[in-house]
Amino acid sequence: DVVYAFQRLVDPKSAAGYGAFLNGLLLNADKINNGDEKDLTKLGVKALDDATVQFTLVHAAGYFNQIACLWFSAPVRKDNVERAGLPSPDAWTDPAYGPVVGTGAFTLSKWDHNKEIDFVKNPNYGGTPAKLDEIDQPIITDQAVSYAGYKSGELDIATFPTAEYKNILADPVLGKQLLKYNNSCSFYFAFDNSKPPFDDINVRKAFSYAINRDLYVHVVSQDIATKQLSFLPDGVIPNFDPKTGAEYDYNPDKAVAALKASKYPDPATFPTVNFNYSAGANGQRRADFMKAQIQKVLGINLTENPMDGAVYEQATSDPLNKLSGMELAGWCSDYLHPSDWMYPVFGSNGKNGNALNLAGFNSPAFDAAAQAADNETDPVKALALYTKAQQVLIDNVPVAFLENTVSIDLVNPKVSGLNPNSLDGGIPGS
């Protein structure tokens, strides 16, 4: 079943963007993921016996053990996934079409799409039984709705609009219910490099120079973040230097000069640029800030494009066709190593594209440096290659790097024992 789980991950008919984690690492993963190889048994995974799985790697990788224990490598039952009568290949994950068989402490009991997902204790779990009988997780994309649900007692763990942070902090009751913890997440504004006007590097430079990140962190992020001008955050790359990427920090004069040097020098005739975002309080604050900032510095009028949360999620998950314009994007560690960051997020991934690469960035120089770093077993040499790949990324300005965030959640006092550490975002304790 572990073998089958890996086959599902790289099979282009069923894989999401995370299949790129195995490209160039697991034998034949690239060929299968890109549709050049149809025989899934040629993937470098083999069950030696009921308790032993053998992986054949293209190159040595000291970080592979971390990949092998990530969520997307969890074993699944082949007969459960391929049962007859499913309306779509991924419908086996929905309990509406029959029991979802897994190996975790909980089982998926209900999935009301875009509304709620519920879990109940798994009586067959082989480890220490869960303390909770059930977890009900509403799917909420609007932080204002989440905050209202927490205040009404409907939710026990919740996010809130950033604009409410200082009010919550000053509240004698709610202020004591804030759980604050560091994370390894980098956020940036992604430009659609595949279409005008962001196919012009000078336009991308102009927009990067036009963003006052210090003001953004203070006004929009309410100081619950730190300005960051590069991609790899502290904790992921050794000897983190906060000045990396400073050459593209806020500079109105350079912004104007870069725009004049572009193919679209006149703000009056500049192509339409959408600022895309999931409709909600936080998204609206970002859109309003950027609209004012770009208008002030460059004289360009951004078009605000609020979208339904599910529609936005789908539009920003296409491996080839990128959402035109720009939007906030980010990446949080699955595991604390640069291999989790560089090629999986900004690699081109050949003809199949990369769903995680929202900017549609395509650079042979970056691909070569990032993959060479992944292939290097000497940690000193690997670090030099990761640093080189990041500099290629910075110099091509496919995105405007923005900030590193801190996680803050409201947690009901009756909820105890949470480990305030969630590498890939999510809720604390996940």
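How many residues of the lining of the largest cavity are nonpolar, how many polar and how many charged? The lining divides into 7 nonpolar, 2 polar and 1 charged. Here Ala, Val, Leu, Ile, Met, Phe, Trp, Tyr, Cys and Pro count as nonpolar, Asp, Glu, Lys and Arg as charged, and the others, Gly among them, as polar.

This is a predicted model, where local features need pLDDT of at least 70, side-chain atom pairs count only at pLDDT 80 or more, and totals for chains, interfaces and linings use all residues. Residues are numbered from 1 along each chain as its sequence is written, and side-chain values use heavy atoms, with hydrogens and water left out.

**Cavities**

Searching the whole structure gives 2 cavities of 30 Å³ or more. A cavity is a set of points, on a 1 Å grid over the protein atoms alone, where a 1.4 Å probe fits but cannot get out; lining residues have an atom within 4 Å of a point. Grid points are joined across faces, edges and corners, and a volume is the space filled by probe spheres set on the points.

The lining of the largest cavity includes Ser208, Arg213, Tyr248 and Phe401. Among the residues that line the second largest cavity are Asp318, Lys322 and Glu327.

**Strand S12**

Which strand gives the largest share of the lining of the largest cavity? Strand S12 (residues 399-411) does, with 3 residues. Strands are DSSP runs (E, at least two residues), numbered from the N terminus. S12 is mostly covered, with 12 of its 13 residues buried. Buried means under 20% relative accessible area (1.4 Å probe, protein chains only).

S12 also has partners. Two strands pair if DSSP finds at least two bridges between them. Strand S7 (residues 178-191) runs antiparallel to S12, joined by 10 bridges. In this pair, Tyr181 stands opposite Ser407. Strand S8 (residues 225-227) is antiparallel to S12 too, with 3 bridges. There, Ala225 faces Thr405. Strand S6 (residues 157-158) has 2 bridges to S12, again antiparallel. Ala158 is opposite Leu410.

**A hairpin**

Strands S1 (residues 45-49) and S2 (residues 52-55) run antiparallel, with 4 bridges between them. A hairpin through 2 residues connects S1 to S2. Asp49 stands opposite Thr52.

Note on methods: On a 1 Å grid over the protein atoms alone, a cavity is a set of points where a 1.4 Å probe fits but cannot get out, and a pocket is an open set with protein on both sides within 12 Å along at least five of seven lines; lining residues have an atom within 4 Å of a point. Buried means under 20% relative accessible area, exposed over 50%, partly exposed in between (1.4 Å probe, protein chains only).
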